[in-house]
Number of protein chains: 2
Amino acid sequence: MNAKTRNPVGWGYLEDGLTADERKAALSAMSLFFDGKLPEPSAAPQADAMTLSPARTDIPPQLRDWLSSDHHERLLHAVGRSYRDLARLREVSPLPAPDVVAYPDSEESLARILAWADRERLAVIPFGGGSSVVGGVTPDDLDDFNGCVSVDLQRLQGITEVDERSRVVAVRGGTLGPDLDAALKPHGLTMRYFPQSYFHSTVGGWIATRGAGHFSTLYAKIEDQVQAMRVMLLDGRMVETRPLPASSVGVDPNRLWCGSEGFLGIITEARLRIQPRPQHRDTRGIIFATFEDALEAAREVLQSGLYPAQLRLLDPAEHFQSRAMSGRSAEGALMILGFESGHLPVEHAMQHALNIVRTHGGKEEPPSSAGDSVSDWRQAFFRQPYVRDLLMDYGMILDTFETAVPWSRLPAFYHEVQQATQTALNRVCGQGAVMCRTTHAYTDGICLYFSFYGRSRPGALGEHWLEIKAAAAEAVMAGGGTISHHHAMGRDHKPWAKEEIPAPFRAAVRAAKTSLDPNGIMNPGLWFDD
Amino acid sequence: MNAKTRNPVGWGYLEDGLTADERKAALSAMSLFFDGKLPEPSAAPQADAMTLSPARTDIPPQLRDWLSSDHHERLLHAVGRSYRDLARLREVSPLPAPDVVAYPDSEESLARILAWADRERLAVIPFGGGSSVVGGVTPDDLDDFNGCVSVDLQRLQGITEVDERSRVVAVRGGTLGPDLDAALKPHGLTMRYFPQSYFHSTVGGWIATRGAGHFSTLYAKIEDQVQAMRVMLLDGRMVETRPLPASSVGVDPNRLWCGSEGFLGIITEARLRIQPRPQHRDTRGIIFATFEDALEAAREVLQSGLYPAQLRLLDPAEHFQSRAMSGRSAEGALMILGFESGHLPVEHAMQHALNIVRTHGGKEEPPSSAGDSVSDWRQAFFRQPYVRDLLMDYGMILDTFETAVPWSRLPAFYHEVQQATQTALNRVCGQGAVMCRTTHAYTDGICLYFSFYGRSRPGALGEHWLEIKAAAAEAVMAGGGTISHHHAMGRDHKPWAKEEIPAPFRAAVRAAKTSLDPNGIMNPGLWFDD
């Protein structure tokens with residue numbers, strides 16, 4: 001459990017907010033894209049002053065140890081942390097909020113809370129760390145219900161077993177990233193799963209959203225690291241899958257709950273494959289003339305049978321922006337190439353990879369500055385969402401979206417999406433910037449992660465954002481990408497996800513949901529009922 | 001399409017039957033386990049002389065190009081190739097057989113056949129290569145239907161696209177292993193998926209059974225190599241998933257059809273991730289004093305971050321048996337350790353792995369005989385099922401089963417299953433042998449592949465087999481294994497699979513099936529309806 005204070009109206013923890021220097025650097029970097037002039041800031045949302053939708057539900061006395069209808073609790077659980085969510089905090093009043101927040105501390109209390117919700121016909125929205133950037137936890141369109149309870153799982157936390165021989169940890173669903181790693185450290189093991197939300201996202205949330213973590217290759221997606229899980233259904237029954245390295249017995253049950261986003265039950269525990277703590281590490285920054293060259297180099301590295309722990313590419317705009325945050329300049333595209341191992345030296349793998357990238361014109365940063373691009377990027381990574389909060393005060397739209405495509409769609413897909421987003425920014429904001437990095441890579445394709453920035457104005461943030469988001473999403477879908485590589489579908493992506501997910505499968509999962517949750521209580525509205 | 005003739009009453013192709021020398025060697029090797037005395041052989045089943053269940057269905061004139069009710073066609077599709085299936089050919093008369101065999105040659109003709117079956121209420125049993133060893137294609141318990149049509153997919157074959165840049169092939173579901181590789185060869189690519197059924201199993205069958213192939217690690221299971229697929233539902237609608245390296249958009253649709261064993265639709269095409277043809281290869285045979293030592297060495301290799309293409313362990317009994325087939329002797333356990341790459345030298349990986357295995361007492365076979373154990377094993381691998389046919393003539397029970405467990409269950413699990421199977425053999429057959437190899441390995445566990453042999457008598461093969469199979473399966477389940485690592489559930493494994501698959505998931509998949517196949521026509525009896 002984290003002792004820090006969640007920011008009720010922004011990213012992360014209040015204690016981790018931007019320093020004065022970071023504020024200055026962020027504003028300075030951003031101003032470069034806007035002729036050096038940023039508009040006057042408006043005030044950030046004030047938690048105490050916000051109006052929430054009236055609570056419709058009373059707390060039954062026998063559950064009062066676990067339930068709260070406190071204003072701050074309801075506000076903290078009213079939205080996730082997508083741009084739309086944060087714009088909603090500024091622009092929607094009264095803000096739709098769950099009527100009650102539940103904090104189960106055991107499977108037993110969770111079962112009691114779910115039974116109460118089902119009896120009272122209250123929508124149940126499972127809530128891990130609340131870092132959803134896709135509208136996964138918002139109480140929308142719940143007129144058919146008598147209320148809504150946000151079930152915050154962070155008290156269902158901790159490690160229940162470390163199987164060192166099998167390199168597996170059994171961990172409760174509400175456990176935060178740093179707590180998981182702290183428990184593994186004495187065993188010489190680690191999850192090495194560091195999403196941008198690492199400090200305030202949970203194991204259950206990672207699985208329910210099919211997230212991706214530290215590793216660019218091989219161990220990228222969490223669903224591949226799930227050995228088994230325990231899931232509580234609405235009626236309190238447990239689904240417990242068998243701990244197995246692999247099986248061929250019918251359809252894989254684990255995969256039904258990976259990506260289930262809380263609409264098929266609550267993941268109370270999972271057995272995850274874990275890693276040795278790295279003993280050998282080598283990371284290089286490599287500059288390419290163009291992003292296209294960097295993509296081709298990445299493809300060849302992947303298809304050669306090398307599995308770098310880090311293989312991230314920054315297009316020239318992103319590279320420039322990343323270094324500008326540290327007050328430096330940059331040209332060309334950057335590849336961050338890193339190998340790590342708990343057991344084996346990494347020199348040979350690195351040499352093979354460097355030989356490949358050189359044939360594509362990649363040039364290692366000279367030793368004196370070798371770490372600079374990489375460390376600037378690392379520094380920026382966990383701070384970016386805090387910058388987003390700051391710049392929203394200035395009426396700015398800034399958001400990211402990630403997708404993945406087969407290699408054969410590149411580089412055309414990159415340009416198509418970049419241009420569609422830029423065109424929408426120009427139309428909506430007058431001007432703006434689009435940049436792209438890649439975060440995870442496969443033998444058959446890569447994950448492109450776009451950022452975009454544009455000037456809007458207080459009161460129009462949500463509306464303007466949606467217009468740009470829609471243009472970008474349409475380009476992603478038209479180009480053959482996924483609407484989300486590792487942030488899940490959520491409510492924000494549903495219109496485009498509908499195109500990605502075949503109709504008969506939508507109906508099949510709906511039927512599965514009905515068999516598990518006959519009254520449709522679990523995170524209603526998330527899955528399709530067309 | 002293969003020009004060879006399928007053996008209608010045994011494994012594989014008639015042209016590939018055992019040579020006289022192979023027969024002699026097999027009988028000689030087997031006799032070592034039975035005091036040098038094998039019983040008198042009885043005649044193998046004769047296809048022409050067999051009685052099939054009376055056909056109940058007429059062939060409609062408009063479908064006659066694709067349908068057959070010929071005796072030999074019906075017989076060929078009456079069973080798969082499990083021991084129970086082959087015993088049934090000898091011991092059950094009349095033999096339950098599909099009334100009609102369909103050979104669709106396009107998605108269009110497939111849709112017409114399915115529509116006819118649905119209209120006439122005929123059970124549809126999809127049939128790939130017919131090599132199921134788990135009772136996946138037998139027309140059992142179909143009293144609720146007006147008949148049964150076996151839909152043989154081998155005319156729905158061929159490559160539709162090779163995406164060299166993405167290293168993906170689009171291939172129709174009925175394509176046999178050798179045909180897939182032949183089409184990839186000019187591109188310098190290969191599937192490198194060599195199950196024992198390689199010559200007569202199909203891509204669609206591999207996926208529907210969640211099979212495993214050539215690679216012991218990393219690329220072992222087919223479900224991890226499926227980028228996208230096309231599935232035809234009973235009503236002719238196509239499910240077409242988007243070609244993506246990864247996604248996080250809700251539940252993964254591909255995974256619903258991986259392991260679906262024909263009860264959720266017919267896989268007409270798949271996009272599979274493929275490999276470069278290996279240019280660098282190194283394979284060693286390593287002898288360990290005990291199987292336990294070999295297991296520990298394998299675990300350390302896997303957990304060190306090495307991914308050998310081949311990592312197979314033979315316990316002393318299997319090692320002895322494997323070499324006896326080639327007229328040689330052996331002591332101790334054997335590890336077959338191989339690295340291969342299409343791009344990178346493999347010396348360093350091999351040296352690291354050898355350093356590890358040496359610390360566990362592994363000794364490389366001397367150079368003069370280095371390949372011997374390995375080549376003996378390779379030779380035996382594809383021939384073993386032919387030997388099974390021969391020895392059934394001698395009234396012998398011989399079968400295999402595979403499972404997988406986390407490393408922490410070893411070596412105890414190995415001994416438990418070995419002993420339970422041996423005890424059952426002793427009780428049922430008076431004597432017998434159990435041996436074990438491992439075929440696929442993971443950071444968190446390994447696949448154990450047991451073989452057992454015992455003397456029975458004509459007329460009692462099926463009954464005796466079931467008693468031994470049940471004892472082995474109970475030990476597998478009690479020990480925390482899966483009832484099948486890569487051969488699927490089928491009808492043979494259902495009683496134990498029920499224990500492996502959580503009840504709510506059984507109901508959820510049943511609900512999904514009902515939404516896709518409302519009349520329950522597709523491979524009825526395969527999935528649970530408890």
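The following dialogue explains how to read several features of a predicted model with chains A and B.

Reader: How are the residues and chains labelled, and which cut-offs apply to a predicted model?

Author: Residues are numbered from 1 along each chain as its sequence is written, while chains are lettered from A and ligands numbered from 1 in the order in which they are written. As this is a predicted model, local features need pLDDT of at least 70 and side-chain atom pairs count only at pLDDT 80 or more, whereas totals for chains, interfaces and linings use all residues.

Reader: Into which domains is chain A divided?

Author: Domain bounds come from an automatic or database domain assignment. In chain A they give domain 1 (45–152), domain 2 (159–276) and domain 3 (281–478). The C-alpha centres of domain 1 and domain 2 of chain A are 24 Å apart.

Reader: How many residues of domain 1 of chain A are in contact with domain 2 of chain A?

Author: Two residues are in contact if their C-beta atoms, placed from the backbone, lie within 7 Å. By that rule, 13 residues of domain 1 of chain A meet 16 residues of domain 2 of chain A. Helices (H or I, at least four residues) and strands (E, at least two) are DSSP runs, numbered from the N terminus. On the domain 1 side, the elements giving two or more residues are helix 4 (107–120) and strand 3 (122–127) of chain A. Helix 4 of chain A gives the most, with 6 residues. For the classes, Ala, Val, Leu, Ile, Met, Phe, Trp, Tyr, Cys and Pro count as nonpolar, Asp, Glu, Lys and Arg as charged, and the others, Gly among them, as polar. This side of domain 1 of chain A has 7 nonpolar, 4 polar and 2 charged residues.

Reader: Which strands pair with strand 12 of chain A?

Author: Two strands pair if DSSP finds at least two bridges between them. Strand 12 (residues 280–288) of chain A pairs with strand 14 (residues 333–341) of chain A in the antiparallel sense, over 9 bridges. Here A:Phe288 stands opposite A:Ala333. Strand 12 of chain A also runs antiparallel to strand 15 (residues 363–364) of chain A, joined by 2 bridges. In that pairing A:Ile286 stands opposite A:Glu364.

Reader: Which residues have the most contacts inside the largest nonpolar core?

Author: A nonpolar core is a set of buried Ala, Val, Leu, Ile, Met, Phe, Trp, Tyr and Cys residues joined through C-beta atoms within 7 Å. A residue is buried if 20 or more other C-beta atoms lie within 10 Å of its own, exposed if 12 or fewer, and partly exposed in between, with C-beta atoms placed from the backbone. The largest nonpolar core has 324 residues, and those with the most contacts inside it are A:Ile207, A:Ala298, A:Met335, B:Ala298 and B:Met335. Leaving aside neighbours within four places in sequence, A:Met335 is in contact with residues including A:Ile286, A:Phe288 and A:Ala298.

Reader: How many residues of chain B are in contact with chain A, and which element of chain B gives the most?

Author: There are 75 residues of chain B in contact with 76 residues of chain A. Helix 15 of chain B gives the most to its side, with 10 residues. By class, the chain B side has 33 nonpolar, 28 polar and 14 charged residues.

Reader: Where does the backbone have cis peptide bonds or a positive phi?

Author: Most residues other than glycine have a negative phi, and most peptide bonds are trans. A cis peptide bond joins B:Ser93 and B:Pro94, with omega about -5°. B:Pro94 is in the loop between helix 3 (83–91) and strand 2 (100–102) of chain B. Another cis bond runs from B:Leu410 to B:Pro411, with omega near 5°. A:Asn523, not a glycine, has a positive phi of about 35°, and B:Asp141, also not a glycine, has one of about 55°.

Reader: Is A:Asn523 buried or exposed, and which is B:Asp141?

Author: A:Asn523 is buried, because 28 other C-beta atoms lie within 10 Å. B:Asp141 counts as exposed, because it has 12 C-beta neighbours inside 10 Å.
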